[in-house]
Amino acid sequence: MSSPSEKKTLRFWGTFVALCILSFISALDVSIIMTALPTITAQIGGASQYIWIANSFVVASSVPQPLFGQLANVLGRRIPLIASTALFALGSGVAGGAHNVAMLIAGRTIQGAGAGGIYVLLDIVCCDLVPLRQRGKYLGLMFSWSGVAAGLGPVVGGALAQENWRWIFYMNIPICGVALAAVLVCMRLKKHTEPQEIDYVGNIVFIPSVLAVLLGLVMGGIEHPWSSWRVVVPLVLGIMGWLGFHVQQHFARFPSVPERLFSNRTSAICFALTFLSSICVQASGYFLPIFFQAVLGTTPVRSGVNFLPLALGMLVFAVIAGVLMEKTGKYKPLHGASFAIAAIGFGLLTLLDESTAKWAIFQLILGAGLGLTLSTLLPGIMAGLPESDVASSTATYSFIRTFGYIWGVTIASIVFNGVFNHHLPRISSADLRAQLRDGQAYGFASQAHRIRNTVPSEVWSEVVDVYQKSLRVIWYIGAGICVVSFCLVWIEKSIPLRKELDTQYGIDNDVETLSNAEDRIKLQQLKTDSSKYKA
């Protein structure tokens with residue numbers, strides 16, 4: 001058991017820096033592809049498969065997360081983290097060298113599988129490094145790197161696409177190499193003694209079930225109508241399999257997602273808040289660039305720059321929340337403040353129009369609200385759970401967060417497309433209506449800066465008006481979700497956060513202590529020998 005007052009060692013900081021690097025590069029790969037996708041598909045083809053190029057990464061990163069949580073218990077943290085990073089680098093090489101769309105999708109899928117492991121292991125190892133009360137601060141610092149990546153992604157992607165899009169993927173390889181070197185040198189772990197096994201049956205049921213659900217969500221309304229059997233069948237089979245998985249977990253000896261994780265109301269509520277906040281984060285991140293491109297007429301790269309206030313607001317307030325939680329030992333007031341501020345932020349977004357120049361301030365307010373949850377929800381989940389559940393609770397948290405991101409895009413897209421189709425008759429141009437109908441408005445926005453000068457100004461005003469009405473509904477829904485979340489916060493209990501770190505995993509500082517002791521003995525021996533020689 002270690003004390004929070006202990007001085008952080010070189011091994012600690014080396015490992016933490018490696019976590020921050022991996023947090024940055026894995027988050028960058030989610031956002032960097034969007035602005036570069038038109039250029040990539042133009043060069044290697046596959047415009048009709050753009051949805052899979054964009055979403056194969058997200059789907060592949062979601063499915064294996066509970067499995068990686070178990071691997072972290074069975075094999076320790078080091079081997080799965082090294083394997084995940086190597087897998088991510090391998091996928092980057094395959095995607096960078098792709099000469100057809102199938103190879104690109106394969107590379108993105110391999111990348112995603114590695115990223116899924118990285119997402120889980122980052123949180124687990126960070127929790128192994130420091131006591132529960134300090135975790136918010138270090139999680140906030142780590143998440144700040146992913147926030148920077150989310151903001152830089154569209155800008156970097158657009159810039160590299162103009163030069164050589166393959167470096168979008170190739171640049172990951174040396175960065176992963178630096179992180180791997182830091183892990184290999186600094187991350188020396190304690191040996192765990194508790195018996196652990198892989199839940200083979202549970203994973204065999206869970207992985208294809210979740211995969212089916214995600215495929216249905218990705219294809220629905222884009223590749224096929226929601227009423228199509230190609231969407232309905234995987235959704236129904238996936239949901240049935242998922243229910244069967246939770247029944248199986250009740251009887252499993254070493255369950256992937258133990259029922260006890262949801263046995264206390266604080267953990268259960270924090271899991272629910274994780275899902276709801278992830279919906280809000282992704283919906284705002286997905287559709288604010290549409291406002292910049294379609295309403296303000298910016299380029300995709302410029303919209304990425306305009307998005308920075310939200311990204312920067314989230315990362316700054318994630319760190320602030322972590323520091324406040326460490327100082328006060330309280331997470332519940334931070335959760336309440338978070339969703340209250342986020343609801344105000346979404347409310348302010350409903351006021352945006354062509355003449356509004358306050359979008360940066362509105363984004364900062366929303367970013368402050370959403371950022372406060374990034375570093376405080378996981379400690380809230382762990383407050384009522386023993387340290388032995390760090391891996392399983394973190395893996396479940398990571399999966400729910402990623403699953404919420406997917407729902408954030410799905411729900412927002414369904415609403416946006418439905419409202420857009422409803423208001424489409426307001427546009428007098430039949431040609432523009434045909435280009436915007438049934439989900440085409442999202443892709444159209446990236447070309448709006450070129451098209452707006454080719455149509456009469458009064459017609460373009462009609463297009464902008466329909467975009468504004470459609471986006472406004474999304475902001476109202478975001479505000480509603482935040483209000484519901486604010487009400488849920490007060491069901492939580494205020495459980496004291498542990499100040500001591502008691503884990504069988506994590507950094508083994510005894511190795512460094514022993515090494516330092518041996519060095520001191522050798523130095524003393526040299527001094528003695530030198531004295532004898534002089535004498």
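**Notes on cavities and ring pairs**

1. The lining of the largest cavity has ten nonpolar, two polar and no charged residues. Here Ala, Val, Leu, Ile, Met, Phe, Trp, Tyr, Cys and Pro count as nonpolar, Asp, Glu, Lys and Arg as charged, and the others, Gly among them, as polar.

2. Please bear in mind that this is a predicted model, where local features need pLDDT of at least 70, side-chain atom pairs count only at pLDDT 80 or more, and totals for chains, interfaces and linings use all residues. Residues are numbered from 1 along each chain as its sequence is written, and side-chain values use heavy atoms, leaving out hydrogens and water.

3. The largest cavity has a volume of about 80 Å³. Its lining includes Phe346, Gly408 and Gly478. A cavity is a set of points on a 1 Å grid over the protein atoms alone where a 1.4 Å probe fits but cannot get out, and lining residues have an atom within 4 Å of a point. The volume is the space filled by probe spheres set on the points, which are joined across faces, edges and corners.

4. The second largest cavity holds about 70 Å³ of space. Its lining divides into five nonpolar, four polar and one charged residue, and Arg401 is among the lining residues.

5. Do look at the aromatic rings too: Trp242 and Phe399 pair edge-to-face, at 5.8 Å centre to centre and 70° between the planes (rings of Phe, Tyr and Trp, the last by its six-membered ring, pair if their centres lie within 6.5 Å; planes under 30 degrees apart are stacked, over 60 edge-to-face, the rest tilted).

Notes. On a 1 Å grid over the protein atoms alone, a cavity is a set of points where a 1.4 Å probe fits but cannot get out, and a pocket is an open set with protein on both sides within 12 Å along at least five of seven lines; lining residues have an atom within 4 Å of a point.
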